[in-house]
Amino acid sequence: MMLKMNNVSKIYRTELIETHALRDMNLHVEEGEFIAITGPSGSGKSTFLNIAGLLENYSQGDYFLDGENVSGLSDDKLSTIRNEKIGFIFQGFNLIPDLTLFDNVDVPLCYRGLKSADRKKRIEEALEMVGLASRMKHFPGQLSGGQQQRVAIARAIAGSPRFLLADEPTGNLDTLMARQVMELLEDINKKGTTIIMVTHDNQLAKRAHRNVQILDGQVNDIKQREAIAV
């Protein structure tokens, strides 16, 4: 089991208000799956993604990642797991504008303390996979939105993560670029990487192995889907 959440809840409290972002959420994701998370704005998708990526604590329940219960782990341990096992792809790309593509991909690898030769090999292979090896000395501002998203994917996969968390990875792209990014994610998944993708695009969600709908902080419906070639 890659990811297992049992009755996970997240409650935000102030002096006057108690907000349930997630309510007794149960979700099991097997290694190698490609899961689409859908639901209306404010339904709890972002909270789920933050908890899944160990960026945010939960209020109650159990969360097992790669067989390890992450509850109670120290910040240093959580940071190590994030850096070694999880890749993040964001809607806004989150590239550093004054760094080259090569250096952008290098940033998370530096935190792992990898040797320069190893980092260089990983970076070149990742940029080759997303079709941007010839532009590694370019800066983000010299690329289209679709190309910048591919750099963000290269940065995520260069560390050989066990699974990827993608938050609206095609949200800022036109239809053609969105399709290209989706095809790239499918290729990565076929190589064995588990992917959890939040999306508002129902057509893209249909291409995942499963579509998990979150409504009012709960898993409302889980539908098995056939992969659809577009």
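This is a predicted model: local features need pLDDT of at least 70, side-chain atom pairs count only at pLDDT 80 or more; totals for chains, interfaces and linings use all residues.
Local features are reported at pLDDT of at least 70 and side-chain atom pairs only at pLDDT 80 or more, whereas totals for chains, interfaces and linings use all residues. Residues are numbered from 1 along each chain as its sequence is written, and side-chain values use heavy atoms, with hydrogens and water left out.

Reader: At what angle do helix 3 and helix 5 pack, and how far apart are their axes?
Author: Two packed helices are described by the angle between their axes and the distance between the axes. Helices here are DSSP runs of H or I with at least four residues, strands are runs of E with at least two, and both are numbered from the N terminus; the axes are lines fitted to C-alpha atoms, for helices over the stretch in contact, with angles from 0 to 180 degrees between N-to-C directions. For helix 3 (residues 101-111) and helix 5 (residues 145-157), the angle is about 35 degrees and the axes are 8 Å apart.

Reader: Which residues make the contact between helix 3 and helix 5, and how do they divide by class?
Author: With contact meaning heavy atoms within 4.5 Å, helix 3 contributes Leu 101, Asn 104, Val 105 and Pro 108, and helix 5 contributes Val 151, Ala 154 and Arg 155. For the classes, Ala, Val, Leu, Ile, Met, Phe, Trp, Tyr, Cys and Pro count as nonpolar, Asp, Glu, Lys and Arg as charged, and the others, Gly among them, as polar. The contact of helix 3 with helix 5 therefore has five nonpolar, one polar and one charged residues.

Reader: What is the volume of the largest pocket, and which residues lie nearest its centre?
Author: On a 1 Å grid over the protein atoms alone, a pocket is an open set of points where a 1.4 Å probe fits, with protein on both sides within 12 Å along at least five of seven lines, and lining residues have an atom within 4 Å of a point. Grid points are joined across faces, edges and corners, and a volume is the space filled by probe spheres set on the points, which for the largest pocket gives about 580 Å³. The lining has 23 residues, and those nearest the centre are Arg 82, Asn 83, Ile 86, Phe 88 and Pro 108.

Reader: Which elements give two or more residues to the lining of the largest pocket?
Author: By class, the lining of the largest pocket divides into 11 nonpolar, eight polar and four charged residues. The elements giving two or more residues to this lining are helix 2 (75-85), strand 6 (86-90), helix 3 and helix 5.

Reader: Which helix gives the largest share of the lining of the second largest pocket?
Author: The second largest pocket holds about 220 Å³ of space, and its lining residues include Arg 122, Glu 125, Ala 126 and Met 129. That lining divides into six nonpolar, three polar and three charged residues. The largest share, four residues, comes from helix 4 (residues 116-129).

Reader: How many residues of helix 1 are buried, and which residue with a positive phi follows helix 1?
Author: Helix 1 (residues 45-52) is mostly covered, with six of its eight residues buried, among them Phe 48 and Leu 49. In the loop between helix 1 and strand 4 (60-65) lies a residue other than glycine whose phi is near 60 degrees. The residue with positive phi that follows helix 1 is Leu 54.

Reader: Where does Met 25 lie, is Met 25 buried or exposed, and what does Met 25 touch?
Author: Met 25 is found in strand 2 (residues 18-29), and this residue is buried because its relative accessible area is 1%. Not counting residues up to four places away in sequence, Met 25 touches Met 5, Asn 6, Asn 7, Val 8, Phe 48, Ile 214 and Val 219.

Notes:
Buried means under 20% relative accessible area, exposed over 50%, partly exposed in between (1.4 Å probe, protein chains only).
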